[in-house]
Amino acid sequence: MNIESKLLEIRKTARGQGKYVMNKLFDDYLTGLITKKKIPSCSFCGTEKNLTKEHVIPKWVFESNPKKFFVSDVNKLDQSYIKATIPLCAKCNSELFNSIERKVQKILSVVDLKKSYYSPDDWLTIIRWLEIIDFKIQVWDLRSEFKKHKDSHYIPMLADLSIAYMRDFSVRTVTTQTRKALKRIATKDKSKRISHLIVGTTKNTSFHYFHTSGDFIFLEIPQYNKIFFYFYEREYKNEKIVSREAMKIIESVYSD
Ligand SMILES: [Zn+2]
């Protein structure tokens, strides 16, 4: 099967199963009773069979530096990139999401920005891949129970609330955001989004990453000397403004 048929299946699954999957996720982690017994299921199609662990950030992205840690911006718990996983069934993991990743890896290894550029199809595949990462992070956020805040002491009352909930203190904001992330995956037309991806090359040897759910992501992948910055939802008039706004964010993160 080629990449287009995989992408079609991903969109179909997001449209067909999305509502059920989202409702179960919200009920399990946000709105349902804390004492409720949670039945593990695929975070994408909802099946309870053949569950596997899917890495939120693909392993190969940080492979060159597995000691890097990922600090959640809400409760500041150190979370190894490697540990951050969500449940996916074998089919969604290896047949669907993994085929996109293999395609992206191929694109990154072939394209040398000094000599060649990404084709329009490559460009779209990268956008779709970044959208899937955002969705996975949001699911992971929702599923991660708020255990301990580094700057304060352990608050037993809050221990069962998810990180996503703590971020906004509003169930509706969280559910709307996660639904939007899934809707982006279900949407074929990306014509308005293509100017919101910035690419580049890097000489850095360690993996860098930052992300704000539903807003933007920055990935620096030393293995392929490539950088990506993508705005998930903001709409800017032209690429110049997109670059300028992305640079502002990158600079503010690195000056901290
Ligand atoms: Zn599945």
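Colleague: Which residue has a side chain joined to that of Ser195 by a polar contact?

Modeller: His196: the side chains of the two are joined at 3.4 Å. A polar contact is a pair of N or O atoms within 3.5 Å; within protein, one must be able to donate a hydrogen and the other to accept it, and residues adjacent in sequence count only if both atoms are side-chain atoms. Keep in mind that this is a predicted model, where local features need pLDDT of at least 70 and side-chain atom pairs count only at pLDDT 80 or more, while totals for chains, interfaces and linings use all residues. Residues are numbered from 1 along each chain as its sequence is written, and side-chain values use heavy atoms, with hydrogens and water left out.

Colleague: Where does Ser195 lie, and is Ser195 buried or exposed?

Modeller: Look in the loop between helix H6 (171-186) and strand S5 (197-201). Helices (H or I, at least four residues) and strands (E, at least two) are DSSP runs, numbered from the N terminus. Ser195 counts as buried because its relative accessible area is 17% (buried is under 20%, exposed over 50%, partly exposed in between, with a 1.4 Å probe and protein chains only). Ignoring neighbours within four places in sequence, Ser195 is in contact with Glu239 and Val242 (contact means heavy atoms within 4.5 Å).

Colleague: Now the metal. Which residues are the protein donors of the zinc ion?

Modeller: Four cysteines: Cys42, Cys45, Cys89 and Cys92, each through SG, lying 2.3 Å from the zinc ion. Donors are N, O and S atoms within 2.8 Å of the metal (3.2 Å for Na, K and Ca); water is not among the atoms, so sites may look incomplete. In sequence, the donor residues follow the spacing C-x2-C-x43-C-x2-C. Cys89 and Cys92 are both buried.

Colleague: What is the geometry of the zinc site?

Modeller: Tetrahedral, with angles of 103 to 117° among the four donor atoms (four donors count as tetrahedral if all angles lie between 85 and 135 degrees). The ideal angle for four tetrahedral donors is 109.5 degrees.

Colleague: Which way does phi point in Asn50, positive or negative?

Modeller: Most residues other than glycine have a negative phi. Asn50 has a positive one, about 50°. Asn50 sits in the loop between helix H1 (3-31) and strand S1 (51-55), and is exposed, with a relative accessible area of 61%. Asn225 also has a positive phi, near 55°. Asn225 is in the loop between S7 and S8 and is partly exposed at 42%.

Colleague: And the chain as a whole: how many helices and strands are there?

Modeller: Seven helices and eight strands. Of the 256 residues, 50% count as buried.

How values were computed
Tetrahedral: all angles 85-135°; square planar, octahedral: opposite > 155°, others 65-115°.
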